[in-house]
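This report covers selected residues, their contacts and the annotated segments of one model. The sequence and structure come next.

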Amino acid sequence: MHLDWSALGQVTAVSIGVTVAVVVVFALGVLGLARVEAAREENGTGSTVGLTQAGLCFVACAAVVAYGIYLIVPQFH
């Protein structure tokens, strides 16, 4: 059996890169929620920018996870 190590390395690099990217985007979403809470404590109203940031980041993370599940589960193809 011939194992193509370069393909395995490419898959590993892409999976690590995507994982790091999703974690960073999720952390930006948490940062957005922290901005909302800080604005509420400061002046009693939420931050629209922070809420929008959090929403967009969490939707992006959900889309990446849904796409990954789509790629893994053969019934979805």
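**Basis and terms**

Contact means heavy atoms within 4.5 Å. The model is predicted, and local features need pLDDT of at least 70, side-chain atom pairs count only at pLDDT 80 or more, while totals for chains, interfaces and linings use all residues. Residues are numbered from 1 along each chain as its sequence is written, and side-chain values use heavy atoms, with hydrogens and water left out.

Helices are DSSP runs (H or I, at least four residues), as are strands (E, at least two), and they are numbered from the N terminus.

**Leu28 and Gln53**

Leu28 belongs to helix 1, residues 5–43. Not counting residues up to four places away in sequence, Leu28 touches Gln53 and Cys57. Leu28 counts as partly exposed because its relative accessibility is 38%; the class lies between buried (under 20% relative accessible area) and exposed (over 50%), with a 1.4 Å probe and protein chains only. Between the C-alpha atoms of Leu28 and Ile16, which are 12 residues apart along the chain, the separation is 18 Å.

Gln53 is part of helix 2, residues 48–72. Its relative accessibility is 18%, so Gln53 counts as buried. With neighbours within four places in sequence left aside, the contacts of Gln53 are Leu28, Leu31, Gly32 and Arg35. The side chain of Gln53 also reaches the backbone oxygen of Leu28 at 2.9 Å. A polar contact is a pair of N or O atoms within 3.5 Å; within protein, one must be able to donate a hydrogen and the other to accept it, and residues adjacent in sequence count only if both atoms are side-chain atoms.

**The loop residue Ser47**

Ser47 sits in the loop between helix 1 and helix 2. A polar atom of the Ser47 side chain lies 3.1 Å from the backbone nitrogen of Gly50. Ser47 also touches Arg35, Val36 and Ala39, not counting residues up to four places away in sequence.

**Annotated segments**

An unreviewed UniProt entry lists residues 12–34 and 54–73 as "transmembrane region". UniProt positions follow the numbering used here, feature names are shortened, and annotations may be inferred rather than shown by experiment.

In the model, residues 12–34 are 100% helix and 0% strand, with the end C-alpha atoms 33 Å apart. Residues 54–73 are 95% helix and 0% strand, and there the end C-alpha atoms are 28 Å apart.

**Tyr70**

Tyr70 is in helix 2. At 35% relative accessibility, Tyr70 counts as partly exposed.
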